[in-house]
Amino acid sequence: MGLMGSLLLSTCGSWPVGSTERVEVKIDGVVLPVSVEELGAFVRSPTTDPAQLSRSELSTWMSLLAPESRQGLIRLLKAPVLSRRSFGRQLLSSWGAGPLLDALGELVRVEDGKSINRSLVLSTLEQLLERQATVSTLDVLEALPTQQLRLDLDALVVAANRWRLELERHQTLMRTLAQKEARLQLLKGAERSASSESPHQSTLAVDHRSRLLQVERWIPQSPREERTWVLMMPGLGGDPSHFHWLARSLMQAGWPVAVLEHPGSDAAAVQALLEGRQSFDGAPALHGRLADLAAVLDAQRRGDLNIPGTEVVLMGHSLGALTALLASGAEQVHGMEPRCEGALAGLPLTNLSELLQCELAAGRALEGNAMAPSLRAVVGLNSFGGLIWPHRASRALPIPLLMVGGTLDLITPPLDEQLPLLAGLAEHPASRVVVVEGASHFSPIRVDGQGKASEGDDLFRLGEELVGVNPLSVQRVIAHEIIGFLDSLSSESPRNDAVHLMEASSKTRWHRLGRRPALQLLDQ
């Protein structure tokens with residue numbers, strides 16, 4: 001509940017007139033009917049030994065539990081549900097809180113046996129946050145305006161087992177890849193300092209935006225070829241500066257690059273989200289991104305942006321990658337509603353992108369997208385769309401695809417997202433998926449330092465648990481693979497077999513797979 005609660009956004013409402021008096025805790029098949037006041041005193045007491053408690057109804061019931069169950073109950077009730085600085089609860093304000101609260105309703109019920117009311121929980125959380133910086137599970141139980149609740153911890157165990165099975169699937173992928181023989185490969189070429197090259201800034205007036213659209217242009221002095229250029233799109237909350245390292249690497253390799261800023265779903269928008277100045281609605285944000293993309297493609301064809309090339313490679317991170325796939329003309333597979341019902345039946349915490357996919361489908365943001373003109377290929381970093389394009393029912397695209405993911409990514413896990421996308425949408429022989437060991441959803445993100453390229457100054461400061469391990473090494477691998485993929489577009493015999501590599505300098509392992517090896521992994 002604490003993990004799930006950290007993803008919720010509460011909405012404003014009046015403070016409840018009453019509060020919970022009794023709670024039934026179902027654990028180990030035993031139902032413990034106790035007063036909330038007594039339960040709170042027990043949880044906040046330093047002792048966990050029922051023999052040391054005062055004679056009470058609670059001490060009688062607690063004596064029926066195994067010691068580990070008592071300890072687990074205390075940890076659960078003390079666990080922070082959310083805090084004022086919780087990012088996830090803000091991000092899911094418009095739609096995602098609903099499916100999560102529906103799942104929560106299977107764990108917490110009111111006295112008449114019905115699921116707990118969404119708005120009741122959300123308004124209670126909001127009012128608690130006005131009074132304190134952090135809210136625990138016990139705080140919520142004490143504040144809910146109902147006389148009696150049932151907390152079904154046995155159902156929580158069932159949900160936890162579902163999470164465990166999902167995590168084991170991803171861990172199996174990691175073990176399978178780790179067993180593959182790896183070859184050492186020293187990635188040649190050092191990155192130049194961030195101050196040595198800077199982008200050309202351009203603006204574009206567009207009908208669908210109230211202000212000018214910002215576009216960064218990275219133009220090589222000696223282009224690799226005359227026809228191909230790259231259009232890069234950051235993910236939700238992303239900023240063009242997060243991908244200067246990649247744009248610079250591609251430019252140095254001879255590829256013209258344009259990087260888009262998407263107002264409304266960029267870094268400034270997420271900052272406003274965190275500060276409570278605006279909410280996030282996925283469908284309009286995606287429509288705006290697709291319109292941004294179309295406007296830039298039109299301007300480049302007219303010669304208004306001064307970017308050379310006649311064929312474009314669409315590249316994006318996360319939501320930017322989904323934008324690229326939609327613009328490629330990939331057809332949504334019918335039956336999205338039942339697929340979402342199945343995906344969101346439990347607490348969907350091992351693949352958070354499924355929440356956004358279902359929100360976008362509900363907002364009809366996935367329909368009516370046509371292939372961008374003169375499209376050469378698509379590159380997706382931490383891409384997603386496994387519910388939109390299930391691999392056994394999707395119609396393949398005629399263009400090459402490169403999908404890049406990381407084994408530590410539980411927002412868009414490779415086993416549910418990048419591998420199935422390659423298997424379902426790719427038929428071109430140059431298509432491939434790259435899985436980097438130890439990389440997370442945020443590994444491709446970097447913030448330029450003051451003319452430095454050191455790990456301490458340049459990395460997007462999210463912490464290792466989010467960024468993953470060896471992020472600079474992971475970024476070198478990503479740049480290496482993208483450049484190799486772009487080179488293969490003009491090759492008569494592109495490499496698409498399973499290749500297992502290791503960077504000699506830092507021992508970062510990565511795996512390049514074609515469609516057939518990807519299918520074999522999915523079938524295991």
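I take buried as under 20% relative accessible area, exposed as over 50%, and partly exposed as in between (1.4 Å probe, protein chains only).

I am working on a predicted model, where local features need pLDDT of at least 70, side-chain atom pairs count only at pLDDT 80 or more, and totals for chains, interfaces and linings use all residues. Residues are numbered from 1 along each chain as its sequence is written, and side-chain values use heavy atoms, with hydrogens and water left out.

Count. I looked up salt bridges (a side-chain nitrogen of Lys or Arg within 4 Å of a carboxyl oxygen of Asp or Glu). The structure has 13 of them.

Arg364 and Glu367. I find these two in a salt bridge, with the closest N and O atoms 3.0 Å apart. Glu367 is partly exposed at 39% relative accessible area, and Arg364 is exposed at 54%.

Arg209 and Asp292. Their side chains form a salt bridge at 2.7 Å, N to O. I note that the pair links distant parts of the chain, 83 residues apart: Arg209 lies in the loop between strand 8 (200–204) and strand 9 (213–218), Asp292 in helix 12 (residues 282–302). Helices (H or I, at least four residues) and strands (E, at least two) are DSSP runs, numbered from the N terminus. Both Arg209 and Asp292 are buried.

Glu437 and Arg509. I find a salt bridge here too, the closest N and O atoms being 3.0 Å apart. Arg509 sits in strand 17 (residues 509–513) and Glu437 in the loop between strand 15 (432–436) and helix 17 (455–458), 72 residues apart. Arg509 is buried at 15%; Glu437 is partly exposed at 21%.

Network. I also recorded that salt bridges link Glu225, Arg227, Glu311 and Arg376 in a network.
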